[in-house]
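Here is a walk through one chain and the ligand that goes with it. Have the model open alongside and follow the residues as they come up.

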Amino acid sequence: MSIQLSIRDLNKRFKTGDGVKGISLDVMKGELVTLLGPSGCGKTTVLRSIGGFLAPDSGDIQIRGSSILHLPPEKRPTAMVFQSYNLWPHMTVYDNLAFGLKLRKKKKDEIRSLVQEALKLVQLESAEHKTPGLLSGGQQQRVALARALLLEPEVLLLDEPFSALDAKLRMEMREELRDIQRRTGMTMIFVTHDQEEALSISDRIVVMRAGEIEQLSTPQEIYDQPQTLFVAGFIGRINLIKGTGTGRSVAVGEARFEQERAHDGAVIAAVRPEDVYLTEQETNSLPGMIRQIMILGHYAEVSVESGEQVLKMFVPREQSARLHHGQQVRIGFSRVVSFPSPGA
Ligand SMILES: Nc1ncnc2c1ncn2[C@@H]1O[C@H](COP(=O)(O)OP(=O)(O)OP(=O)(O)O)[C@@H](O)[C@H]1O
Ligand SMILES: [Mg+2]
C-alpha cells in the first residue's frame, strides 16, 4: 500500500508559546487515522495545517509524494468537515451539494447523478429538496459529509464532526463513516478528544499531548500496550496503583503480581477493571471491602476499597448478584502494565 499523506517534522508555534512540535506521520492510502488528545493538545492545529488554513513554521506536508505547502486551501486535494456543519441555510440539500460541482464546471446531468449517488451513500435520498433547517443535527452532518465526499479529496479531514450530536446518534454516525470509508477507500484524518470514538473507528491512533505525539499505534496496541502513563490514563478505564517493582514482579501492599515490563523501584501499576478479579486465595491477593456496585447492563462495575485506594472492577451480572455493599473480599490482578513512578 502506498503512502497517501506524509507529515514531516511539522512545527507551529503561536505567539502564546502554544502549538505543535516535531509532528511526523505517514498515512497509507485508504487508512483512517485519528488524532486523539485532550483539549488544547494541538489536534486542530495539525488538521488546519494539512488543509491549508494555517501556515506551519517549519516541516513539510506531502500528498502522494508532492509538497502541498505552497497551495491555498481551495487548491489542495483535501476537504474538511467541521463540528458545525457549515451548510448554506437558504439552499436546498441538493443545491448545497451541487454548488462545488458547478464551480468545477461539471455538466448538469453529471451533477445530478453524482449528487444522487452521494445522497444515497449517506442515506439521505429523501431530503434532497429540503433546506438544512428542516433536518436534524445528524442529518445535517451527513449532508456536510456528502458535500466533502463529492469533492473527491485525496485526504478527507474531519474535525470532531460528531461532537455536537447526542450519544446514540454519534454511535450511528461512527458506524456509517466507517462503512463509507470502506466502500470509497478514502483516506481520512479524524480528530476527536473522545477515546471511545477513537478506539472504535480508527485503523491507527495518534495520541497527542501538549503539542507532541505521545504514541502512534493501532487501537488494540494503544489499549493493551500503552507506552506512557499518560496514554494508559487517557485511554479507557484504568486503575493506577502505587507499587514497588523488582524485575518482572511488582509488590502492591503484601501481594506480588507479575508485571508485563520490568521496572525496579517505585512504579505505578496500571490495571484495567476487566483485569481485576475476585479470589478466595490468601496469597498474592489484596484484601478489600465493597464500596459500591453499579449495574451497567450485562455487567456491573464494582468499587473495592483496599488500603487507601479504591479500585474499580468489572464483574459479570450473575456474579454481581451475590455481592453486597460492605462485603469483605479479596482481589487479584490478571494483567499489570507498570510505569516508573513520575515522582521517583
Ligand atoms: N490562532 C491561534 N493563536 C494562538 N494560539 C492558538 C491559536 N490556535 C490554537 N492556539 C493554541 O494552540 C494550542 C493547540 O490548539 P488546538 O486548537 O490545535 O487544540 P485542539 O487539540 O484542537 O483542542 P480542542 O480539543 O479543544 O479543539 C492551544 O493551546 C490553543 O490555545
Ligand atoms: Mg480542536
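This is a predicted model: local features need pLDDT of at least 70, side-chain atom pairs count only at pLDDT 80 or more; totals for chains, interfaces and linings use all residues.

I235 sits in the loop that links helix 8 (229-234) to strand 11 (239-246). Helices (H or I, at least four residues) and strands (E, at least two) are DSSP runs, numbered from the N terminus. Is I235 buried or exposed? I235 counts as buried because 22 C-beta neighbours fall inside 10 Å. The cut-offs are these: buried takes 20 or more other C-beta atoms within 10 Å of a residue's own, exposed takes 12 or fewer, partly exposed is in between, and the C-beta atoms are placed from the backbone.

Residues are numbered from 1 along each chain as its sequence is written, while chains are lettered from A and ligands numbered from 1 in the order in which they are written.

## The overall picture

The chain splits into domain 1 (3-230) and domain 2 (237-340), with bounds that come from an automatic or database domain assignment. Taken over C-alpha atoms, the centres of domain 1 and domain 2 are 39 Å apart. Along the principal axes, the C-alpha atoms of the chain fill a box of roughly 80 × 45 × 40 Å. DSSP gives the chain nine helices and 20 strands, and 37% of its 344 residues count as buried.

UniProt, in an unreviewed entry, lists residues 5-235 as "domain: ABC transporter". Positions from that record are given in the numbering used here, feature names are shortened, and annotations may be inferred rather than shown by experiment. The span 5-235 is 37% helix and 26% strand, and its end C-alpha atoms lie 26 Å apart.

## The core

The largest nonpolar core has 85 residues, and A146, L157, I189 and A269 touch the most other members. Helix 4 (residues 137-150) gives the most to this core, seven residues in all. Domain 1 (3-230) and domain 2 (237-340) each supply at least three residues to this core. A nonpolar core here means a set of buried Ala, Val, Leu, Ile, Met, Phe, Trp, Tyr and Cys residues joined through C-beta atoms within 7 Å. In soluble globular proteins, nonpolar side chains tend to be buried together.

## Around the ligand

Ligand 1 has 13 residues around it, and the closest are F14, D18, S39, T44 and T45. A residue makes the list if its C-beta atom, placed from the backbone, lies within 6 Å of the molecule. Which helix gives the most to this shell? Helix 1 (residues 43-51) does, with three residues. By class, the shell has two nonpolar, nine polar and two charged residues. Here Ala, Val, Leu, Ile, Met, Phe, Trp, Tyr, Cys and Pro count as nonpolar, Asp, Glu, Lys and Arg as charged, and the others, Gly among them, as polar.

## Strands and hairpins

Two strands pair if DSSP finds at least two bridges between them.

| Strands | Bridges | A bridge pair |
|---|---|---|
| Strand 1 (residues 3-13) and strand 4 (residues 58-63) | five bridges | S6 and Q62 |
| Strand 4 and strand 5 (residues 66-67) | two bridges | I63 and S66 |
| Strand 12 (residues 249-252) and strand 13 | four bridges | A251 and R256 |

Strand 4 and strand 5 make a hairpin with two residues between them, and R64 in the turn has a positive phi of about 45°. The hairpin of strand 12 and strand 13 also has two residues between the strands, and there G253 takes a positive phi near 55°. In strand 13 (residues 255-258), A255 and F257 form the covered face, while R256 and E258 form the uncovered one. In a regular strand the side chains alternate between the two faces of the sheet.

## Loops to check

E152, in the loop between helix 4 and strand 7 (155-159), has a positive phi near 45° without being a glycine. E152 is partly exposed, with 13 other C-beta atoms within 10 Å. N284 is another non-glycine with positive phi, near 50°, in the loop between strand 15 (276-278) and strand 16 (286-296). N284 counts as partly exposed, with 15 C-beta neighbours inside 10 Å.
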